[in-house]
Amino acid sequence: MPRLFDNEAEIKNYLIQAASEPANLKVTADGKRLNYRNLGIKIGVTCYVLAQGRVLILERSPLVNFGGCWGTVSGYIDDLEIIQNSSQICRDHLIQEFQEEIGWTISDSMMLKYCGTHALIQSQLKIHFEIFCLLIDEPPAITLNQEHKRCSWVDLETINELRPILITHFLEGLEKVSKEP
């Protein structure tokens, strides 16, 4: 599988360099953020939530990229405060995504298990994903934000049947998670 970055230090250096270019910044209601849409390589984090032999899937709203497809908790790293001040930018950004997307507070970043990388490389699109999983016994209630329309827990034995509606490379990422001990 192709890789775009070998470690988090390379990712952080790339993002800090990108943030030094004014064209790569945008002002939002919560301050300045990195405008990932302008980047040649987008850096994303994704986390597969597993509970009792099932995986959480989220239907993406038409307001976001890949609208109508089903995926998992994920996002592009764009928070400048995390990029500049965190020693674990991928974990910290993912913790933020959990709060934003499904209303979960993950206080201990050790709950997130790192599972590797995945690169989506197409002619006009390059995305480097850092993949994590979260194993839980009893899932808390989910409060979706505007990025998602609905959620579902799907048995791991039947998830392959949903390939046509899943976000690109969802199953390949899930396979990485499943190979972890």
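Me: What should the 14 residues of α3 span, at 1.5 Å a residue?

Reply: The expected span of a helix is 1.5 Å times one less than its number of residues. For α3 that gives 20 Å, and its end C-alpha atoms are 20 Å apart, which agrees. Helices here are DSSP runs of H or I, at least four residues; strands are runs of E, at least two; both are numbered from the N terminus. This is a predicted model: local features need pLDDT of at least 70, side-chain atom pairs count only at pLDDT 80 or more, and totals for chains, interfaces and linings use all residues. Residues are numbered from 1 along each chain as its sequence is written, and side-chain values use heavy atoms, with hydrogens and water left out.

Me: How many residues of α3 are buried?

Reply: Buried means under 20% relative accessible area, exposed over 50%, partly exposed in between (1.4 Å probe, protein chains only). In α3, 10 of the 14 residues are buried, so the helix is largely enclosed by the rest of the structure. Among them are Cys90, Leu94 and Phe98.

Me: Which residues of α1 are buried?

Reply: Ile11, Leu15, Ala18 and Ala19. Seen down the axis of α1, they fall within an arc of 95° (taken from the directions from the helix axis to the C-beta atoms), so they line one face of the helix.

Me: Which phi value does histidine 169 have?

Reply: Most residues other than glycine have a negative phi. Histidine 169 is not a glycine, yet its phi is positive, about 70°. Histidine 169 sits in the loop between β9 and α4. At 29% relative accessibility, histidine 169 counts as partly exposed.
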